Amino acid sequence: MLSERRPVPARRPAAADICPHTRRARLGYDRARVLLEKYASLDLHQLRHSAATHLGEAEVPLQLIMGKTRHKNPRTAMRYVKPGAEAIAKVTEVLAPRRRTH
């Protein structure tokens, strides 16, 4: 019977899920998504995508974007890395032979 069941003790969050500043448990992705949608009309996945895109635009290395977004597959994280004309020009300068000055 349900009335005879004892309450289950609350699970302790993993150490990685504790905020180092407040010592409180962080929200899980699903709970944060529901709260943002309900109270701010924001889409958490879109915010995550935008943040990763800004990292890509800032020429943050793919490995760091993967670490931040927790993507395991580089192909998944590659959608955020779209080098612009300036980035391509920088790489071209690196590959260009040095001009002689004499």
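Figure 1. Arg 33 is partly exposed, with a relative accessible area of 33%. This close-up, like the others, is drawn from a predicted model. The side chain of Arg 33 meets that of Asp 30 in a salt bridge, with an N to O distance of 3.9 Å. Because Asp 30 and Arg 33 are three residues apart in helix H1, about one helical turn separates them. Asp 30 counts as exposed, at 52% relative accessibility. The salt bridges in the model come to two; the other pair is the subject of the next view.

**Figure 2. The salt bridge between Glu 59 and Lys 90.** The closest N and O atoms of Glu 59 and Lys 90 are 3.8 Å apart, and the two residues form a salt bridge. Lys 90 is partly exposed, with a relative accessible area of 48%. Glu 59 also counts as partly exposed, at 44% relative accessibility. The backbone of Glu 59 has a positive phi of about 60°, although Glu 59 is not a glycine.

Figure 3. Helices H2 and H5 (85-95) each supply at least two residues of the lining. H5 gives the largest share, three residues. By residue class, the lining divides into seven nonpolar, two polar and four charged.

**Figure 4. The largest pocket and the helices around it.** The volume of the largest pocket is about 520 Å³. Of the 16 residues that line the largest pocket, Leu 27, Tyr 29, Arg 48, Lys 68 and Arg 70 lie nearest its centre. Three helices each supply at least two residues of this lining: H1 (29-40), H2 (44-57) and H3 (62-69). The largest share is that of H2, with six residues. The lining comprises nine nonpolar, two polar and five charged residues.

**Figure 5. Arg 48, a lining residue of the largest pocket.** Arg 48 lies in helix H2 and is among the residues nearest the centre of the largest pocket. With a relative accessibility of 28%, Arg 48 counts as partly exposed. Apart from neighbours within four places in sequence, Arg 48 is in contact with Tyr 29, Thr 69, Arg 70 and His 71. Two of these contacts, Tyr 29 and Arg 70, also belong to the group nearest the pocket centre. Val 91 is 43 residues from Arg 48 in sequence, and the C-alpha atoms of the two residues are 28 Å apart in space.

**Figure 6. His 71 in the loop between H3 and H4.** His 71 sits in the loop that runs between H3 and helix H4 (74-77). His 71 is buried, because its relative accessible area of 15% falls under the 20% cut-off. The side chains of His 71 and Thr 69 are joined by a polar contact of 2.6 Å. Not counting residues up to four places away in sequence, His 71 touches Arg 48, Met 66, Thr 76, Ala 77 and Tyr 80. Thr 69, the polar-contact partner of His 71, is itself in contact with Arg 48.

**Figure 7. Arg 23 in the segment before H1.** Arg 23 lies in the part of the chain that precedes H1. The phi of Arg 23 is near 65°, a positive value in a residue other than glycine. Arg 23 is exposed, with a relative accessible area of 64%. A positive phi is also found at Glu 59, which lies in the loop between H2 and H3.

Definitions and conventions
Residues are numbered from 1 along each chain as its sequence is written. This is a predicted model: local features need pLDDT of at least 70, side-chain atom pairs count only at pLDDT 80 or more; totals for chains, interfaces and linings use all residues. Side-chain values use heavy atoms; hydrogens and water are left out. On a 1 Å grid over the protein atoms alone, a cavity is a set of points where a 1.4 Å probe fits but cannot get out, and a pocket is an open set with protein on both sides within 12 Å along at least five of seven lines; lining residues have an atom within 4 Å of a point. Grid points are joined across faces, edges and corners, and a volume is the space filled by probe spheres set on the points. Helices (H or I, at least four residues) and strands (E, at least two) are DSSP runs, numbered from the N terminus. Ala, Val, Leu, Ile, Met, Phe, Trp, Tyr, Cys and Pro count as nonpolar, Asp, Glu, Lys and Arg as charged, and the others, Gly among them, as polar. Buried means under 20% relative accessible area, exposed over 50%, partly exposed in between (1.4 Å probe, protein chains only). A polar contact is a pair of N or O atoms within 3.5 Å; within protein, one must be able to donate a hydrogen and the other to accept it, and residues adjacent in sequence count only if both atoms are side-chain atoms. Contact means heavy atoms within 4.5 Å. A salt bridge is a side-chain nitrogen of Lys or Arg within 4 Å of a carboxyl oxygen of Asp or Glu.
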